[in-house]
Amino acid sequence: MEKTMNLTLRVWRQKNRLDVGKFVEYKLENISEDSSFLEMLDILSEQLVEGGHEPVAFDHDCREGICGMCSMTINGVPHGPEGGITACQLHMRHFHDGQIITIEPWRAKPFPVIKDLVVDRTAMDKIIQAGGFITGRAGSAVDANAMPIDKQTADYAMDAAACIGCGACVAACPNASAMLFTAAKVAHMNSLPQGKAEKNRRSLAMVTTMDGEGFGGCTNIGECEAACPKGIPLDMIAQLNRDYALAQVKNFFQPVL
Amino acid sequence: MNLDSKIPEGPLESKWSSHKFNMKLVNPANRRKYHVIVVGSGLAGGAAAASLAEQGYNVSCFCYQDSPRRAHSIAAQGGINAAKNYQNDGDSVKRLFYDTVKGGDYRAREANVYRLAEVSSDIIDQCVAQGVPFAREYGGYLANRSFGGAQVSRTFYARGQTGQQLLLGAYAALSKQIGLGKVKMYNRHEMLDVVKVDGHAKGIIVRNMISGEISKHAGDCVVLATGGYGNVFFLSTNAQGCNVTAAYRAHKRGAGFANPCYTQIHPTCIPVHGDQQSKLTLMSESLRNDGRVWAPKDKETAKQIREGKLNANDVPEDARDYFLERKYPSFGNLAPRDISSRAAKEVCDDGRGIATTGLGVFLDFRDAIARDGKHAIEERYGNLFEMYECITGDNPYETPMMIFPAVHYTMGGLWVDYNLESTIPGMFVGGEANFSDHGANRLGASALMQGLADGYFVLPYTVGNYLGEQGVAAAGQVTTDHPAFAEVEADVKGRIDKLMSINGTESPRSFHKRLGNIVWEKCGMARSKAGLEEAIQEIQALKKEFWENVRVVGDADSLNPELERAGRVADFLEFGELMCRDALMREESCGGHFRVEHQTDDGEAKRDDENFTFAGVWEYKGDETVPALHKEPLIYENVKLVTRSYK
Amino acid sequence: MCSLCSFFKSTIGRKILMALSGLVLVLFVLGHMLGNLQIFLGAEVINAYAHKLHHVLPSSGLWAIRLFLLGTVAVHIWTAISLTLDNRKARPQGYEHDKPIQASYGARTMRMSGVILLFFILFHIAHYTARVVPSMEYGEEGVLSETMVPLVKHGEVVMKEGEPIMTFNVNDMMVQGFDVWWVSVFYIIATGLLCLHLSHGFSSMFQSVGLRNTLWRKRLDQAALVYGWVVFLGFAVIPVACLTNILEVDPTGGAAEPVAAITETLHK
Ligand SMILES: Cc1cc2nc3c(=O)[nH]c(=O)nc-3n(C[C@H](O)[C@H](O)[C@H](O)COP(=O)(O)OP(=O)(O)OC[C@H]3O[C@@H](n4cnc5c(N)ncnc54)[C@H](O)[C@@H]3O)c2cc1C
Ligand code: HEM
Ligand code: SF4
Ligand code: FES
């Protein structure tokens, strides 16, 4: 038979960007262990609406771990303590009856809180806009098989491209560094032959924007990697460091930007 | 309503090229004088916005998520079709065309489908050039797989994340244009209405979802690529925010809505676990390559399994009904989606369903593991098994998976002509939002293809043609100062005020759930005249209740998910009724639309080609008036209509 | 912006500088440790080593090396401070329920270990290089005895123009220095912290310059641990040996008996 549990939630409530915000405690009863974490929050919402209160605002969309929209820190860990999954993939069977669960928004200066658990992550889009693309105007492409790519390279690019842009890496990092995210993008595009032409520009432009948006630097401690739902490894940051350094050397002798 | 499909003259193979030649061009220097509004940043919208900006047009792009990269295209797992014939296994543009028409149960427009097949190759080239990391073989060339029962291997894929990788490609191109200032991106903005000036679509009204501000946007034309309406069923594999609002608003302003009853139900989803569920999860169709679908032969066994008294593994072989293999010996477990889904429903209706709700059947890997070894199965499906275990807590290596059909895709949508222009001039519709090229049923891996075909290779031409026809003198002439904008804006605001002021007792979510129940029961996998008539009545009553008793907490001038949902549910309510009307009108069974009155003796769908070879296009006539039906006859010059058989 | 400025301004650029300065320090520390360990080979050997260090280059060269090392430390500290400040700014508000997921203790405490190391380095220079730590000066007031001794090689006093070459009795300086228990304790703690600093830093510097991947990460992490422990043990064994009297003062600087006599006479 289905098991249920009673929980105490401590949720960050903040009306808008300017509000100071605070934790509010809620009691929930009879939550099925088969529910997902977000379904549990849906139940809380319904309960609040019934009482005429505003529900907790949180971002979510696909609810299957791919859109990267859901974003909350659960008991101190972005996306929750299970690891390797997003908050929407987390299920209540990993919690126990009577547990107190603390839910906080992503914490980072470049991610201002919009409301409750909803933060503004457009800074990540800006990094992409600076250089996270391979220019290929529609209509200008050669045949897809004209350029064979060895499987190892293709697989590596795919590993990097698996990033869903959720920002958990930033949220987990005590420095709010966006290195893992930026590195995943750079590693994906710089390692493919198609991406070589813009490699140096890309590395320089994306890092400059990343710093400019107010993300912190990397201290190589790996919290990002542990929080990342898609298993993006620190290797990619090493590659970013390398590609950036080489681009700087190039740029010193012959400006590329 | 004018349903001129504008199919170009000439033989099928040269229609698109001669049409491109005949189009009006806009001088590159003049393009910057035009402003195109694109609503949606999925494969269709993202690709269109990026391509139009690359050509030199100024573009404003809107999406309701916090980033264009999160459009629901991202969730597609399986792959994308293209007639590359890299496998040398007999594929061709013609075959892809033919398969798509047949798969759609002969309810799609030939010329459009042919064009889709024609540009499919270009899509793959384009995506690879953008760095989409498709799977490759050791030799370095692209890998393909056979998908959804196709007899050739024409599906390109990127692990289980094809949609995400394709969308990231389009998003990257779009981002470049945003960075260059050619595209102005409006994240977290929801389109709530279309503005027409002199009959042409010239703008939209949007709500800033953070500040609640309602704003007017004018352009020289509008492209809608707002995705499908599967969420009318409340539970579906769609993202939470997927909605019909944009399309339905356009419909109310004069765009014909075609074939709303064509919905696709995917057979391999994880069953519903209880009434708190918010979303259904798709398990890749590829699982059916090795898994065997079964249910207990008798009800008593099924009951014991449901109550947890009997373990599925202990059910002896002769007490199992491998119903797909039994009914469709030649296709077996790989029978097409609509057919497999219906077969599962029959079993459950028969009282032999499993899972706590009785709404589920087994997908069993026991034999495959015994045959190929656990390792081989792990190699093939490891991450899917993990995903299943993550959601259900069961280990599919040890106990059989449970699956049940769920709403997945909607073939219906706004009617468009060959140029993807709706019945509102200047309003183009791409991707899942249009009534598309899939007829009454979509083949696996063809939606991504269609979205990108529309976005990269069709809209950039046909939008340019429209703008060229309008002439450069007209460019940028309509501004938001035009009184039409204020009028529509007032409507939008009025509606929001109304929603906020009802102050009833029931949440929008609860209404949505109730609507979902009605349409799933009566306009889902099997539909009947009586059921549909009831459904229409029930929806009307529910709609009335909604406008009297909905409770929207919070306020309108800040982020308010309740208000967002309320607006969407209000549109779903009206749309749900339209969907049922369409299903009622279509007195035949075809593709995803199954009318119990129209089946063969052994329960297979029975088409009525004589009377229903048309697209049913609905014209909005007023809130209290029955919509008017128009028909676009479908003329088949190149394929012969035959009965689909998978036996 | 000039390309060099942009490099120094970027977080990655500064981190690379930190790694490069760290590398210099890592190599220096290893050399320094190996040098020090020669004390176990006898006063003669360590004194000769110290003598060589001071005389193999002209004094300007010696100062160049010293300045280079100080500069390296300065770069290391500047990058540490400026990055730390930037990083603090990027995360003005932390989590209430704050819990590290995988970061090692060493990695999380780099700043703490670094700051203590800085104090240690300052003390260390004051102690043994400048010899200005109160109560530890030479002669009457301090614990260190006046220790100029002849340079000894293979048991023979090395003579130059008939005179024995005189040099510091580094052996006694170390032994007497470490005979003060709290100096030894501080020294052992500091080298422990160095071990902690390096258990992360050694591998981290490869990451910072982009020379690490999953395969090598494991190896480098292990190497870092080994290196950290080697450095710790290599340094800590000396004060321990002093405190336990395994190492003793040797006022002759290691010269055999007859030589000691010579020294006696020379002193007179
Ligand atoms: C789970 C799943 C798996 C799938 N797998 C496959 C597969 O393997 N192969 C395949 O070919 N197809 C697959 N499909 C189908 C395919 O993914 C979709 O049909 C296709 O991606 C739709 O693309 P689109 O661009 O039309 O719409 P979407 O990607 O849904 O984009 C809609 C856009 O419109 C915006 N929008 C919507 N409403 C508004 C509004 N009111 N105001 C402002 N913006 C709005 C959204 O923000 C979004 O940007 C799958 C679908 C699902 C759900
Ligand atoms: C002077 C006092 C010192 C201070 C204040 C200091 C501080 C720091 C700090 C803050 C870091 C960065 C850690 C991070 O990014 O997480 C660091 C890294 C490092 N330190 Fe030190 N440190 C000092 C001395 C030393 C010494 C004596 C050595 C070598 C023997 C050393 C070797 C390293 C190395 C190798 C790194 C890693 C560089 C990298 O991550 O790229 N440090 N130090
Ligand atoms: S690297 Fe991982 S944690 Fe960071 S944004 Fe990408 S998927 Fe999310
Ligand atoms: S809601 Fe899409 S990843 Fe969680």
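The shell around ligand 3 comprises 11 nonpolar and two polar residues, with no charged residue. The model is predicted. In total, 13 residues surround ligand 3. The closest are C163(A), C166(A), G167(A), C169(A) and C228(A). Two helices of chain A, α4 (168-172) and α5 (179-191), each contribute at least two residues to the shell around ligand 3.

Ligand 2 is surrounded by 27 residues. These divide into 16 nonpolar, nine polar and two charged.

Side-chain polar atoms of chain C approach ligand 2 at several points. For K15(C), a side-chain N or O atom is 2.3 Å from an oxygen atom of ligand 2. For H76(C), a polar side-chain atom lies 2.7 Å from a nitrogen atom of the ligand. For H197(C), the distance from a side-chain N or O atom to a nitrogen atom of ligand 2 is 2.7 Å. Four elements of chain C give two or more residues to the shell around ligand 2: α2 (11-37), α4 (59-90), α6 (110-129) and α8 (181-208).

Conventions:
Residues are numbered from 1 along each chain as its sequence is written. Chains are lettered from A and ligands numbered from 1 in the order in which they are written. This is a predicted model: local features need pLDDT of at least 70, side-chain atom pairs count only at pLDDT 80 or more; totals for chains, interfaces and linings use all residues. Side-chain values use heavy atoms; hydrogens and water are left out. A residue is near a molecule or strand if one of its heavy atoms lies within 4 Å of it. A polar contact is a pair of N or O atoms within 3.5 Å; within protein, one must be able to donate a hydrogen and the other to accept it, and residues adjacent in sequence count only if both atoms are side-chain atoms. Ala, Val, Leu, Ile, Met, Phe, Trp, Tyr, Cys and Pro count as nonpolar, Asp, Glu, Lys and Arg as charged, and the others, Gly among them, as polar.
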